Amino acid sequence: MARFTLPRDLYHGKGALSALKTFEGKRAIVCVGGGSMKKFGFLDKAVEYLKEAGMEVKLFEGIEPDPSVETVMRGAEVMLEFEPDWIIAMGGGSPIDAAKAMWIKYEYPETTFEDMCKVFGLPKLRKKAHFCAVSSTSGTATEVTAFSIITDYKKGIKYPIADFEITPDVAIVDPDLAETMPKKLVAHTGMDAMTHSIEAYVSTANCDYSDALALYSIRMIKQDLVDSYNGDMVKRDRMHNAQCLAGMAFSNALLGIVHSMAHKTGAAFADLGAHIIHGAANAMYLPKVIAFNAKDETTAKRYAVIADYMELGGKTVADKVKLLIKELRKMNDALAIPHCIKNYGADSYPTENGFVPEDVFLKRLPDIAANALGDACTGSNPRKIDQAQMEKLLKCCYYDTEVDF
Ligand SMILES: NC(=O)c1ccc[n+]([C@@H]2O[C@H](COP(=O)([O-])OP(=O)(O)OC[C@H]3O[C@@H](n4cnc5c(N)ncnc54)[C@H](O)[C@@H]3O)[C@@H](O)[C@H]2O)c1
Ligand SMILES: [Zn+2]
């Protein structure tokens, strides 16, 4: 038996934010990030709608990108005091993920962060509050997923919390919110979504339901992402749906080692002054992982199906895999994303000398590889991988060298 879980309701299309007017409850807490939702007027609108619904509203503002355990604990305390029956998380993956974790701690104040990280081990939520996620970036799809990614900055590691309990009750996918994204964010979140669909399609946990969502979203992202990046707002709106479909796929089919490596490299060099942004990390590692996974015959065939859906041509399975890798690299070029860590600048753009020096990378490599192996996403990768292979693969991701093992 397998389970397929999505939010109970999904409001989509322009103006979908106004669905908040129809919510029933006494108190709503609205969780947001650093200011983009306020700046563009969406926060005020949300508050207005919730008040129209007769609710008392409190704000929790300033959730940082790649949210920390400390922020989660602080937010939960505010919730424990205010006692909301609705948690409304608005913004990109960061504030929504942080609010999901706050929700767990609010429902179960004794829970520690370690408890939360036990995969599919959460107790029943919704005893105190329901959860609505309103996404403003087109990538993480956390508005429909069973995941939340929280960073432990003491360890420099991102931990995924995974459980269908944290799949939101309501998702609002309003493209108006995505239209204000700066180009770089469009690029990174868009390639994150592409990685979600591709990893979900080849995952060991794929099924007919997730395959349909994955393939359709892959085709949409191929057709729309670069144009959206270049300012086409019709495509921007379509991307908001495409990333959400990708999210529905991977929330149920899980992911693979592209994400394992992105999670474990993201904050691993934070002491050097920058993060390897999640979507950019995925975009760099995805072609390498495809080459690695395609050594498994069944997986190669599935990549070939993806290539066919993208209408890339090619006659044999091997040709199609190559064309898929080529197409993804072409997309990275069009989106100003580097091909490897060595060329990843502190501003995320391609540069001759990236912010991660070779000697630092090599010194930290064994630990990063071990952490990536232990990541929750590794278990559903279609080809098994050991420590030595993971180190080799990460080296290919650093130097942009061929994966021949
Ligand atoms: N829960 C999941 O299933 C899942 C999946 C993938 C990634 N993640 C996590 O999500 C986080 C990344 O989320 P993200 O990529 O959405 O970015 P983000 O939430 O970290 O936001 C990045 C920046 O963009 C700004 N921003 C957001 N929306 C905007 C808009 N519409 N207009 C202008 N600026 C806007 C924010 O203020 C912030 O400064 C990472 O922590 C990642 O690990 C979670
Ligand atoms: Zn992701």
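This is a predicted model: local features need pLDDT of at least 70, side-chain atom pairs count only at pLDDT 80 or more; totals for chains, interfaces and linings use all residues.

Tutor: Residues are numbered from 1 along each chain as its sequence is written, and chains are lettered from A and ligands numbered from 1 in the order in which they are written.

Student: Into which domains is the chain divided?

Tutor: Domain bounds come from an automatic or database domain assignment. Here the chain is divided into domain 1 (9-178) and domain 2 (183-399). Their centres, taken over C-alpha atoms, are 26 Å apart. Two residues are in contact if their C-beta atoms, placed from the backbone, lie within 7 Å. The contact takes 24 residues from domain 1 and 28 residues from domain 2.

Student: Which elements supply the side of domain 1 that touches domain 2?

Tutor: Helices (H or I, at least four residues) and strands (E, at least two) are DSSP runs, numbered from the N terminus. On that side of domain 1, E6, strand E7 (157-162) and H6 each supply at least two residues. E7 gives the largest share, four residues. For classes, Ala, Val, Leu, Ile, Met, Phe, Trp, Tyr, Cys and Pro count as nonpolar, Asp, Glu, Lys and Arg as charged, and the others, Gly among them, as polar. The side of domain 1 that touches domain 2 has 12 nonpolar, nine polar and three charged residues.

Student: How should I read a pair of packed helices?

Tutor: Two packed helices are described by the angle between their axes and the distance between the axes. Axes are lines fitted to C-alpha atoms, for helices over the stretch in contact, and angles run from 0 to 180 degrees between N-to-C directions. Angles under 35 degrees count as roughly parallel, over 145 as roughly antiparallel, 65 to 115 as roughly perpendicular and the rest as oblique. The axes of H7 and helix H8 (residues 208-229) come within 9 Å and cross at roughly 155°. H7 and H8 are therefore roughly antiparallel to each other. In their contact there are 13 nonpolar, five polar and two charged residues.

Student: At what angle do H3 and H4 cross?

Tutor: The axes of helix H3 (residues 69-82) and H4 cross at roughly 55° and come within 8 Å. That makes H3 oblique to H4. Among the residues in contact are Gly75 and Ala76 of H3, and Ala98 and Met102 of H4. The contact of H3 with H4 has 10 nonpolar, two polar and one charged residues.

Student: Which residues make the contact between H11 and H15?

Tutor: The axes of helix H11 (residues 278-293) and helix H15 (residues 387-399) come within 9 Å and cross at roughly 135°. H11 is thus oblique to H15. H11 contributes Met284, Tyr285, Lys288 and Phe292, and H15 contributes Leu393, Cys396 and Cys397. This contact has six nonpolar, no polar and one charged residues.
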